[in-house]
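Below are some notes to read alongside the sequence and the model. Please keep both open while going through the points.

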Amino acid sequence: MQTPSFPSRIDPWQLATEGGRLEGALALAALPRLATELHRTEGVADVALVAGIDPRGVRFIKGTVRTGIELVCQRCLGSLQLVLDTTVSLGLVHSEAEADRLPEDYEPLLVPEGVISVAELVEDELLLALPPIPRHADERDCEANGYRAPDRVEQDQPFAALASLLRDSSRSH
Ligand SMILES: [Zn+2]
């Protein structure tokens, strides 16, 4: 049976029982919490997830979510291109207590019952993969955006202060 490319909501318990798949592209603009972090919201996240039941009886959703995003570098405020390539390994749990018993190779996905939004699930995974402070890995990329390293700025300041002091003292004589 062919699963439609993307249902917006799923019952993850049922999906695991059926061994279903979630494959398709999701517009970044449709992920509001992620979009606020982005410099540009064009583009899509490529989702390739499978659900199932492992030999230990754990119901899981596994796979990858990949996307190319554009963030604002917190050092130079220039554009920073980044590829997020996240490995998803979620174990379904009904409660916090069940989450504590989950094998360590899974992150708990707490779903007491009912349906969840696929977009929110994907968005959560991408938010976790975002760097806490986005920065160009190479400072030279920041310099290309007109950034000056702070240590040089600090070095300049004592001389600037001294120069103005000298000007002031010469004026008072
Ligand atoms: Zn930068």
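1. Helices (DSSP runs of H or I, at least four residues) and strands (DSSP runs of E, at least two residues) are numbered from the N terminus. On that basis the protein chain has 6 helices and 7 strands. Read from the N terminus, the order of elements is β-α-β-α-β-β-β-α-β-β-α-α-α.

2. A word on the source. The model is predicted: local features need pLDDT of at least 70, side-chain atom pairs count only at pLDDT 80 or more, and totals for chains, interfaces and linings use all residues. Residues are numbered from 1 along each chain as its sequence is written.

3. Two strands are said to pair if DSSP finds at least two bridges between them. An open sheet of 5 strands runs in the order β2-β3-β4-β5-β6, and its pairing is mixed. β2 and β6 (107-110) each have a single partner strand, so they stand at the edges and one side of each lacks a neighbour in the sheet. On average, neighbouring strands of this sheet are turned by 30° against each other, direction ignored. Here axes are lines fitted to C-alpha atoms, for helices over the stretch in contact, and angles run from 0 to 180 degrees between N-to-C directions.

4. Pairing inside the sheet. Strands of a sheet pair through backbone hydrogen bonds, either parallel or antiparallel. β3 and β4 are antiparallel, with 9 bridges, and Val 50 stands opposite Lys 62 in β4. β4 and β5 are also antiparallel, over 13 bridges; there Lys 62 stands opposite Ser 89 in β5. β5 and β6 run parallel and are joined by 4 bridges, with Leu 92 opposite Leu 109 in β6.

5. The two hairpins. β3 and β4 form a hairpin with 5 residues between them, and Gly 57 in its turn has a positive phi of about 85°. Asp 54 also lies in the loop between β3 and β4. The hairpin of β4 and β5 has 6 residues between the strands. Leu 77 sits in the loop between β4 (59-72) and β5 (79-93), and has a positive phi of about 65° although it is not a glycine.

6. Buried or exposed? A residue is buried if 20 or more other C-beta atoms lie within 10 Å of its own, exposed if 12 or fewer, and partly exposed in between; C-beta atoms are placed from the backbone. Leu 77 is partly exposed because 13 other C-beta atoms lie within 10 Å. Asp 54 is partly exposed too, with 14 other C-beta atoms within 10 Å. In the protein chain, buried residues make up 20% of the 173 residues.

7. The core. A nonpolar core is a set of buried Ala, Val, Leu, Ile, Met, Phe, Trp, Tyr and Cys residues joined through C-beta atoms within 7 Å. The largest one has 26 residues, of which Ala 45, Val 47, Phe 60, Ile 61, Leu 90 and Val 122 touch the most other members. Two or more residues of this core come from each of α1 (12-18), β2 (21-27), β3 (44-53), β4, β5 and α4 (118-129).

8. Contacts. Two residues are in contact if their C-beta atoms, placed from the backbone, lie within 7 Å. Leaving out residues up to four places away in sequence, Val 47 touches Leu 22, Glu 23, Gly 24, Leu 26, Val 65 and Val 122. Among contacts in the protein chain with a separation of 6 or more, 58% join residues 24 or more positions apart.
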